[in-house]
Amino acid sequence: MTSTTTSPRVNGTSRLAAAGLLALAMMLTGCSTAVDVQQFIADAQSQAEAIDEDIQELEEQVTGVPAELQTQVTDAVASAQAATDEARTALDQAATAEDGAVVALEDAQVALEAASAEVRHVTEQARENGADQVADLLAQLQEQIDALRGETESAAG
C-alpha cells in the first residue's frame, strides 16, 4: 500500500519537474530566437544602408543616359528608395517588438519585390541602350534589394 500512495506523489513530482524543464527549454529557445531575429534585423538594416549607397551612385551616373531611359532609371530608383524606406520602418518596428511588425515586414517584402522587378526591367532597357555602366549599377542595386527582401523575410520569421 505504501507504494500505491507514494507512486502518485512521485508521478506528480516527476510531472512537475518535466513541466519545469519543458518551460525552461522553451524559454531558452525563445531567447536564442530573439537573438537570431535581432541579428536578422541588424543585417537587414546594413543591407538598407548599402542600397542607399547604390542609389546615390546611380543618381550621379544617370545624367549621362538618354532622357527616356533617364526617366525610367529615376522611377526605378525612386521605387527602390520607397521600398527600402518601408523596409527600414518595418525593421524599426520589429526591433522594438511593436504590434504589427510582422505585417509591416511582409508588406515591405512585397514592395521590395516590386522594386526589384522594376529595377530588373530598367536594367534590361539600359543594356539595350548601351548604358552598360548604369545597367551594372542597376544590377547591383537589384541584388541588394533582393538581399534586403531575404533579410526582412528572415526577420519576419
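What pattern does the protein chain follow, read along the sequence? The pattern is α-α-α-α. The chain comes to 4 helices and 0 strands. Helices (H or I, at least four residues) and strands (E, at least two) are DSSP runs, numbered from the N terminus.

This is a predicted model, in which local features need pLDDT of at least 70, side-chain atom pairs count only at pLDDT 80 or more, and totals for chains, interfaces and linings use all residues. Residues are numbered from 1 along each chain as its sequence is written, and side-chain values use heavy atoms, with hydrogens and water left out.

**The chain as a whole**

The protein chain has 157 residues, and 31% of them count as buried. Buried means under 20% relative accessible area, exposed means over 50%, and partly exposed lies in between (1.4 Å probe, protein chains only). Contact means heavy atoms within 4.5 Å. Among contacts with a separation of 6 or more, 75% come from residues 24 or more positions apart.

**How the helices pack**

Two packed helices are described by the angle between their axes and the distance between the axes. Axes are lines fitted to C-alpha atoms, for helices over the stretch in contact, and angles run from 0 to 180 degrees between N-to-C directions.

| Helix pair | Angle between axes | Distance between axes |
|---|---|---|
| α2 and α3 | about 160 degrees | 8 Å |
| α3 and α4 | roughly 165 degrees | within 9 Å |
| α2 and α4 | about 20 degrees | 11 Å |

Angles under 35 degrees count as roughly parallel, over 145 as roughly antiparallel, 65 to 115 as roughly perpendicular and the rest as oblique. By its angle, α2 is therefore roughly antiparallel to α3. α2 and α4 are roughly parallel to each other.

Handedness comes next. A crossing is left-handed if the near helix is turned anticlockwise from the far one by less than a right angle, and right-handed if clockwise. α2 passes α3 in a left-handed crossing. Their contact has 19 nonpolar, 5 polar and 4 charged residues. Ala, Val, Leu, Ile, Met, Phe, Trp, Tyr, Cys and Pro count as nonpolar; Asp, Glu, Lys and Arg count as charged; the others, Gly among them, count as polar.

The crossing of α3 past α4 is left-handed. Here the contact residues divide into 16 nonpolar, 5 polar and 8 charged.

The crossing of α2 and α4 is left-handed too. On the α2 side, Val73, Ala80, Thr84, Ala87 and Leu91 make the contact. On the α4 side, the contact residues are Val134, Leu138, Leu141, Ile145, Leu148, Thr152 and Ala155. By class, this contact has 10 nonpolar, 2 polar and no charged residues.

**Helix α2**

α2 covers residues 67-95. The expected span of a helix is 1.5 Å times one less than its number of residues. The 29 residues of α2 should span 42 Å, and the end C-alpha atoms are 41 Å apart, which agrees. Buried residues in α2 include Leu69, Val73, Ala76, Val77, Ala80 and Ala83. Thr84, Ala87, Ala90, Leu91 and Ala94 of α2 are buried as well. An α-helix has 3.6 residues a turn, so residues three or four places apart point the same way.

Glu86 is found in α2. Glu86 is partly exposed, with a relative accessible area of 34%. Not counting residues up to four places away in sequence, Glu86 touches Asp107, Ala108 and Ala111. Glu86 and Ala108 are 22 residues apart along the chain, yet their C-alpha atoms are separated by 5.6 Å. After α2 comes Ala97, with a positive phi near 55 degrees.

**Helix α3**

α3 has 28 residues and reaches 40 Å from its first C-alpha to its last, close to the 40 Å expected. Its buried residues include Ala101, Ala104, Leu105, Ala108, Gln109 and Leu112. They also include Ala115, Ser116, Val119, Val122, Thr123 and Ala126. The buried residues of α3 pack against α2 and α4. Just after α3, Gly130 takes a positive phi of about 75 degrees.

Is Gln144 buried or exposed? At 18% relative accessibility, Gln144 counts as buried. Gln144 lies in α4. Leaving aside neighbours within four places in sequence, Gln144 is in contact with Gln47, Ala50, Ile51 and Asp54.

Glu59 lies in α1, residues 2-61. At 48% relative accessibility, Glu59 counts as partly exposed. Glu59 and Thr74 are 15 residues apart in sequence and 7.6 Å apart in space, C-alpha to C-alpha.
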